[in-house]
Amino acid sequence: MDILFRGGRAFTPTGGFAEAVLVRDGLIAAVGDERELARLAPAHESVDLAGGLLVPGFTDAHVHPVQAGLERAKCDLSEIYGLDAYIEKIADYAAKNPEKEWIDGGGWDMSAFPGGLPHRTQLDFAGRPVYLIQRDHHAAWVNTRALELAGITRDTPDPADGRIERDPDGAPSGVLHEGAMDLVGLLTPRPTAADLDAALAEAERHLFSLGVTGWQDAIVGSYAGSDDQLPTYLSAAGSGRLRARVVGALWWDRTRGLDQIEELVARRASAEGLDRFAATSVKIMQDGITENFTAATLEPYCRCGGTGLSYVDPAKLKEYVAELDRLGFQVHFHAIGERAVREALDSFEGTDPANRHHIAHLQIIEPSDLPRFAALGVTANLQPLWATHHAQMDELTLPYLGEPRSSWQYPFAGLLSHGTRFCAGSDWPVSSADPLQGLHVAVNRTEPGGSVHAGYPTAQTAFLPGQRIDLATALSAYTAGSAWINRSPAGAIEPGRPADLVVLDRDPFALPAKDIWTTEVAMTFVDGEPVYRRPGA
């Protein structure tokens, strides 16, 4: 049955609008005047946009769905804030799950604690080992029992790629940063294949409800206590259970070098021929985050000194990236600090832009590096939700960055002015997977009204307002830009494309900018078939 989307507007690749869209056999057949399209398909089924906006399905260019799905089934702290709320949730979870040997999960926010650091004793009431991953997934909060099981004492050295937070007497305090997370995380109960399958299914369901019809999983491999998700994706794609269009970014083991490339090639080959999943990208995490001083900076942090960590030796990084590029891999970097961004850009010198390399997060960019993205053909992978005044930014980031470095953060407009190509993502479960909330921040640089930080005193003060971008640019990044990164045939409303489409309940272009966040998804389609319908829509 042909489907005619009518009664609103459709966002087109030029940034303009069309009156109606005709879908036939899972593909977009025509775009244009409603009456003309109706004549082309006299027996069509009609979808009334009711004054809303039809947009391409969103593609999340940096997300962790399997991990998010697992966390939603565990002790999930991501929707609450503050020590009292965390303790209440943990106690409730423990009471409802007396059979579990461990209490594990995550979602706590560093800004809820003085100096960003909770303590092991706050969790000792549980009577069982506790392992809770921080919202950013760069630290874990554990209790005394968990430290004892791991054999971590005042004499345990820090791993090369992490840090054990310590009390003044040298005893471990209960926070494990970066690579130190594995010291406890690998002891937690391993999810079964069925658990992982269920997590992926739940994540896909949630993402469809937000209009996300494709994504790039930013870590497919074993990291921070999580298991390799590749078998899960291969199973789901091979059986037809996976409906979204997905690329997996294979994890680069930073403790190894070129010896792992043969394994990466074999892992890529294992997904060849699958319709919905490809393992054609490699993820390199070059540094950590600013809040625990592991983001790689050019100058020392204020107050604490140090310039963070480069997880992969910059002297070797160019050789690794060159070989991956030669073999046709896309390279997907995590880079937060300005030194990490520069190291990633340096490694792309001489690579082939056709491989569609990209750098995610880009919290701090030294201004002289802004033009290098377009010059090298490197895409900027934006996580707009982070570019606001929120507690973590104001209390844990700005005081340690100082000026002028604080003013170099999330320079979206600066990148755009040099012709940089954009894609966009959420980093869910680090932050909300809702692209509409990300669009709001990209345009306003303020917290969406419904966010956990919306009541923070400066949440509605624009953060570096000169770095705002317009709505059409931001929407294109979340759709066509991210689909391009994934080599997806979807991502734009034009004839011949798959009908991966989203009906928004209102037209955000017709709203005051401050109200963009109020827009919601009414329906989501994949190949012209509905995969989500909001109750009542």
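Reader: How many bridges join S22 to S23, and do these strands run parallel or antiparallel?

Author: In general, strands of a sheet pair through backbone hydrogen bonds, in either a parallel or an antiparallel sense. In this predicted model, S22 and S23 run antiparallel and are joined by four bridges. Within that pairing, Leu 504 stands opposite Val 521 in S23.

Reader: Which strand pairs with S22 in the antiparallel sense over four bridges, apart from S23?

Author: That strand is S7, whose pairing with S22 is antiparallel over four bridges. Here Leu 53 stands opposite Leu 504 in S22.

Reader: In which sense do S2 and S7 pair?

Author: Strand S2 (residues 9–11) and strand S7 (residues 53–56) pair in the parallel sense, over two bridges. Arg 9 has Leu 53 in S7 as its bridge partner.

Reader: What is the order of the strands in the open sheet?

Author: The sheet comprises six strands in the order S3-S2-S7-S22-S23-S24, and its pairing is mixed.

Reader: Which way do the residues of S22 point, and are they buried or exposed?

Author: Leu 501 and Val 503 point one way from S22, whereas Val 502 and Leu 504 point the other way. All four of these residues are buried.

Reader: Why is helix H14 described as largely enclosed?

Author: For helices, the general idea is that an α-helix has 3.6 residues a turn, so residues three or four places apart point the same way. In helix H14 (residues 435–444), ten of the ten residues are buried, so the helix is largely enclosed by the rest of the structure. Among them are Pro 435, Gly 438, His 440 and Asn 444.

Reader: What covers the buried residues of H14?

Author: The cover includes strand S22 (501–504) and strand S23 (521–526), both members of the six-stranded sheet. It also includes strand S8 (58–63), strand S15 (212–220) and helix H15 (471–485).

Reader: How many helices and strands has the protein, and why is it called as compact as a globular protein of its length?

Author: The protein has 15 helices and 24 strands. Its radius of gyration is 23 Å, close to the 24 Å that the globule rule gives for 537 residues, so the protein is as compact as a globular protein of that length. Buried residues make up 59% of the 537 residues. Of the contacts between residues at least 6 apart in sequence, 72% join residues at least 24 apart.

Methods: Residues are numbered from 1 along each chain as its sequence is written. This is a predicted model: local features need pLDDT of at least 70, side-chain atom pairs count only at pLDDT 80 or more; totals for chains, interfaces and linings use all residues. Side-chain values use heavy atoms; hydrogens and water are left out. The radius of gyration is taken over C-alpha atoms; the globule rule is 2.2 Å times the number of residues to the power 0.38. Buried means under 20% relative accessible area, exposed over 50%, partly exposed in between (1.4 Å probe, protein chains only). Contact means heavy atoms within 4.5 Å. Two strands pair if DSSP finds at least two bridges between them.
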